[in-house]
Amino acid sequence: MIDKLNRNIEYIRISVTDRCNLRCVYCMSEEGVENISHKEILSYDEIIRICKCVANLGIKKVKITGGEPLVRKDIVKLIKDIKSLSGIEEVTITTNGVLLYERAEELYEAGIDAVNISLDTLDKDKFLKITRRDKFEDVYKSINKLIDLGVRVKINCLSIKEYNLDEITKIANYAKYNNIDVRFIELMPIGYGKNFTGISNEVILGLLEDEYGSFKKVSEKRGNGPAVYYKNDKFKGYIGLISAISNEFCETCNRVRITANGFLKLCLHYNKGIDLKGPIRNNITDKELENMIYYAILNKPLGHNFYHDSNIENIESKNMVQIGG
Ligand code: SAM
Ligand code: SF4
C-alpha cells in the first residue's frame with residue numbers, strides 16, 4: 001500500500017519472540033532483557049490474522065525475526081502457513097544460526113525464500129566475547145549446511161570497531177567463494193549499540209577494495225531492503241552495504257514491524273505505532289482490524305534522525321531484541 005508520503009509499503013518484519021539464546025553485547029545485557037510473559041506474546045493464530053490483513057493491504061513480503069525466532073516452538077509451521085496466504089509472495093527469516101543446523105531441511109522443505117544469518121566474526125573466542133555464548137561452531141556448520149542445501153543465504157555482519165575491523169575482508173570471503181551475499185550493517189545507536197563504535201560503509205568498501213580490487217555498484221534489486229549491492233569480478237556472490245547512519249534511506253522506506261507483543265511499529269527510531277493485540281483479543285472484526293492497520297501505515301512517520309534529535313519526543317527506547325532488527 002502507498003503511505004501518505006507516497007512510499008510503497010510492501011514488507012513487514014514480524015518478531016515472534018523476545019527470547020534469545022545469545023546475549024550479543026550491542027543488543028542486550030549479560031542478564032538479557034526482562035521477558036514479556038507468554039500470554040502477552042501473539043499466538044500463531046493472531047499472527048496469521050494480522051498477516052491476512054496486511055496481505056489484503058498489499059504487503060507481499062514477510063520477514064520472521066525475534067529475539068531469536070528459532071527458539072519459538074513450531075516456527076517452521078508458522079512459516080509454512082504464512083507462505084500459503086494469498087498475496088504473500090516471500091517469507092524469509094533472520095536468525096543467529098545457533099539452532100539452524102537441525103532446522104535446515106525443514107525450512108528448506110517449507111519453502112523458505114531466504115535465510116539471513118547474523119555473523120560478526122569467524123573467530124571462536126571473539127564470538128564468545130560478542131555473544132557471551134560459546135556457539136560459534138553451531139553457526140558455522142549451519143551456514144555450510146544451508147549452502148549445501150541450496151537455500152538462499154545472506155550473511156549479515158554488524159561492523160563494530162572494537163571487534164571486527166580486522167575481519168571484514170575474511171567475512172567477505174563467503175561471497176567470494178559462494179553464490180551468497182554478505183551484507184555489512186552499520187551499527188545503530190539504539191540501546192546497547194550506543195556503547196560501541198560503528199564502522200562506516202565507506203571504510204568497509206575501502207578495506208574490501210584494498211584487498212580484492214574494485215567493486216562496482218549494481219543497479220539490479222536484490223532483497224527487500226535498503227542494502228546497496230556491489231560486485232567484484234572475482235566474487236561469486238555480492239557484497240551489500242546497509243548504511244542507516246551514513247546514508248539515510250527513510251524516503252524510500254518500504255517496511256513496518258510487529259513486535260512480539262503485537263505492537264505495529266511504524267519506524268525503527270520512533271515508538272509510534274498502534275497496539276493490535278488488545279483489539280484482536282477484544283473481538284475486533286477482520287475489516288475493522290484491516291482499517292486500523294491501514295490508517296496507521298498511511299501515517300507512517302517520515303524517518304529517523306539518529307544523531308540530530310535525541311531530545312525530541314517519541315524516540316524509541318527499546319533494545320534491538322525487543323524490536324527485531
Ligand atoms: N536474533 C536474530 C539475529 O541476531 O539475527 C534476529 C534478531 S536481531 C535483533 C536482528 C539483527 O539486528 C541482527 O543482525 C543484529 O546484528 C542486528 N542488531 C542488533 N543490535 C543492533 C544495532 N544496535 N545496530 C544495528 N543492528 C543491530
Ligand atoms: Fe539475540 Fe539477535 Fe540480539 Fe544477538 S542480535 S542478542 S542473536 S536477538
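The buried residues of helix α7 pack against α5, β5, α6 (161-164), β6, α8 and β9. Contact here means heavy atoms within 4.5 Å. Buried means under 20% relative accessible area, exposed means over 50%, and partly exposed is in between, with a 1.4 Å probe and protein chains only. Which residues of α7 are buried? They are I168, T169, I171, A172, Y174, A175 and K176. That is seven of the ten residues, so α7 is largely enclosed by the rest of the structure.

Some ground rules before I go on. This is a predicted model, where local features need pLDDT of at least 70 and side-chain atom pairs count only at pLDDT 80 or more, while totals for chains, interfaces and linings use all residues. Residues are numbered from 1 along each chain as its sequence is written, chains are lettered from A and ligands numbered from 1 in the order in which they are written, and side-chain values use heavy atoms, with hydrogens and water left out. Helices (H or I, at least four residues) and strands (E, at least two) are DSSP runs, numbered from the N terminus.

Now α7 and its partner α8. α7 covers residues 168-177 and α8 covers residues 201-212; their axes come within 10 Å and cross at roughly 70 degrees. Axes are lines fitted to C-alpha atoms, for helices over the stretch in contact, and angles run from 0 to 180 degrees between N-to-C directions. The two helices are therefore roughly perpendicular to each other. On the cut-offs: 65 to 115 degrees is roughly perpendicular, under 35 roughly parallel, over 145 roughly antiparallel, and the rest oblique. From α7, the contact uses I168, T169, A172, N173 and K176; from α8, it uses I204, L207, L208, E211 and Y212. By class, that contact has six nonpolar, two polar and two charged residues. Nonpolar is Ala, Val, Leu, Ile, Met, Phe, Trp, Tyr, Cys and Pro; charged is Asp, Glu, Lys and Arg; the others, Gly among them, are polar.

Stay on α8 for V203, which lies in that helix. At 39% relative accessibility, V203 counts as partly exposed. V203 and L165 are 38 residues apart in sequence, yet 9.5 Å apart in space, C-alpha to C-alpha.

Next, the sheet. Twelve strands form an open sheet with mixed pairing, in the order β7-β8-β9-β6-β5-β4-β3-β2-β1-β10-β11-β12. β7 and β12 (273-275) stand at the edges with a single partner strand each, so one side of each has no neighbour in the sheet. Two strands pair if DSSP finds at least two bridges between them.

Start at the β7 end. β7 (residues 216-217) pairs antiparallel with β8 (residues 228-231) over two bridges. There, K216 has K231 as its bridge partner in β8. β8 also pairs antiparallel with β9 (residues 239-242), over three bridges. Y229 stands opposite G240 in β9.

Further along, β1 (residues 11-15) and β2 pair in the parallel sense over five bridges. Y11 stands opposite K61 in β2. Is β2 enclosed or open? Five of the five residues of β2 (residues 61-65) are buried, so the strand is largely enclosed by the rest of the structure. K61, K63 and T65 point one way, V62 and I64 the other way.

E10 is buried, with a relative accessible area of 15%. E10 and I59 are 49 residues apart along the chain, but their C-alpha atoms are separated by 3.9 Å. Leaving aside neighbours within four places in sequence, E10 is in contact with G58, I59, K60, K61 and N254.

On to backbone angles. Most residues other than glycine have a negative phi. N6 has a positive phi of about 70 degrees although it is not a glycine. N6 is in the segment before β1 and is exposed, at 63% relative accessible area. R132 also has a positive phi, about 60 degrees. R132 is in the loop between α4 (124-131) and α5, and at 24% relative accessibility counts as partly exposed.

Last, ligand 2. Of the eight residues around ligand 2, C20, C24, C27, M28 and N96 come nearest. A residue is near a molecule or strand if one of its heavy atoms lies within 4 Å of it. The shell divides into six nonpolar, two polar and no charged residues.
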